[in-house]
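Dear colleague,

The structure we discussed is below, for your files. My notes on it follow.

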Amino acid sequence: MGKTAVAIDLTQRERRELESLASRRKTAQGLAQRARIVLLAAEGAENKDISLRVDAAPNTVGKWRRRFAEHRLDGLLDEPRPGAPRRIGDDEVAETIRLTLDTTPRDATHWSLRSMARAVGFAPSTIHRIWKAFNLQPHRTETFKLSADPLFVDKVRDIVGLYLAPPERALVLCVDEKSQIQALDRSQPLLPMRPGQIERRTHDYTRHGTLTLFAALDAATGKVIGRCYPRHRGREFLAFLREIERNVPPDLDVHLIMDNYATHKTEPIRKWLGARARWHVHFTPTASSWVNQVERFFANLTEKQIRRGVHRSTAELEAAIRAYLDALNADPKPFKWTKSADDILPAVKPKSHESQNQHTRGGRLHGARRPIKGRFATRVSFAIGHNLRRPRLSL
């Protein structure tokens, strides 16, 4: 008589994890097969029946059944396999990271794989694995701008409050202008898309003038009031405010969210707004256009209509913008603001610069020449070819 198969009882969490492993397309086939073996075993199937259904030998089925019974989900992962010993120690890895973060090559502003490989004597592929393990990307850079507005916190709370809890019987309008929109025509005819070939256009163009679009986005409905003008002076903005007033019911208050651009604060505009008690102005903090939802509308307009458009005159450009506005207002969809001011402010608060000797979060690597300890040591070992192969060891 053969051995009695080990009974398998699954918790709900284990069953969900196994079903995910068995059905997920990116799961390694061996691991997916083991998950199916355990799921069938939990249903009470015998090893011979399971072997036929998963196309595996009965001994293989029994092995993974026992492994799961003893070690649960961790038992389905591969055991560490033998391999070549590490030739690069923790000190060398730490020195490579220090050079990456604290120095630059003599002939460049940042390191490349090959220049760093020459500097430390490793292969470029080794440098790539080290940088990948520590998420270092010397070839990339990003821009940022922190607001120096002394009333930054108060203004953010005021505007975000309008988005999340708008006042009753009032309209919240996000207002701004997109200036200097160019009417561009390519120097040669566009080559349209076809099977196997993307659309192509020349890099140079002919310029046929510019327009300025003034827009007011209704934060509640997503509708937009927009008008194009040849210039963007205070008189054009005042004309646009009058256009807004004609489109807003007289029994509603109007809350304007706009930036501190000089065009918005001329004396005629101040007098016009001061004479209307139902109009309330909320200025965004300096260098903080992200808090004004109309900027998202401008980004969509640029992406969908302007950037790839061909306009041989400002009249054609204005017609294209008008067509976009008509389509948007026929089926408006408001932007959904989800973050409260308490969630936003910690993320944009200027952070003090970290010490140059502490290059990783949590203090795991405190100095260039100190040995790497804890989970980072495992991470580096995994990255540069150590014999640890379980996926979870790479975290």
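**Helices H2 and H3**

The crossing of H2 and H3 is right-handed. This comes from a predicted model. H2 covers residues 29–42 and H3 covers residues 47–54; their axes come within 10 Å and cross at roughly 140 degrees. Angles over 145 degrees would count as roughly antiparallel and those from 65 to 115 as roughly perpendicular, so the pair H2 and H3 is classed as oblique.

On the H2 side, the contact is made by Gln 33, Arg 36, Ile 37, Leu 40 and Ala 41. H3 contributes Ile 50, Arg 53 and Val 54. Sorted by class, this contact has five nonpolar residues, two charged and one polar.

**Helix H11**

Helix H11 spans residues 294–306, and its buried residues are Val 294, Phe 297, Phe 298, Asn 300, Leu 301, Thr 302 and Ile 306.

**The chain as a whole**

The protein chain contains 14 helices and five strands. It has 395 residues, of which 38% are buried. Taking contacts between residues at least 6 apart in sequence, 67% join residues at least 24 apart. The accessible surface of the chain comes to about 24800 Å², and carbon and sulfur atoms account for 50% of that surface.

Regards

Key. Residues are numbered from 1 along each chain as its sequence is written. This is a predicted model: local features need pLDDT of at least 70, side-chain atom pairs count only at pLDDT 80 or more; totals for chains, interfaces and linings use all residues. Side-chain values use heavy atoms; hydrogens and water are left out. Axes are lines fitted to C-alpha atoms, for helices over the stretch in contact, and angles run from 0 to 180 degrees between N-to-C directions. Helices (H or I, at least four residues) and strands (E, at least two) are DSSP runs, numbered from the N terminus. Angles under 35 degrees count as roughly parallel, over 145 as roughly antiparallel, 65 to 115 as roughly perpendicular and the rest as oblique. A crossing is left-handed if the near helix is turned anticlockwise from the far one by less than a right angle, and right-handed if clockwise. Contact means heavy atoms within 4.5 Å. Ala, Val, Leu, Ile, Met, Phe, Trp, Tyr, Cys and Pro count as nonpolar, Asp, Glu, Lys and Arg as charged, and the others, Gly among them, as polar. Buried means under 20% relative accessible area, exposed over 50%, partly exposed in between (1.4 Å probe, protein chains only). Accessible areas come from the Shrake-Rupley method with a 1.4 Å probe; for residues, only the protein chains shown count as cover.
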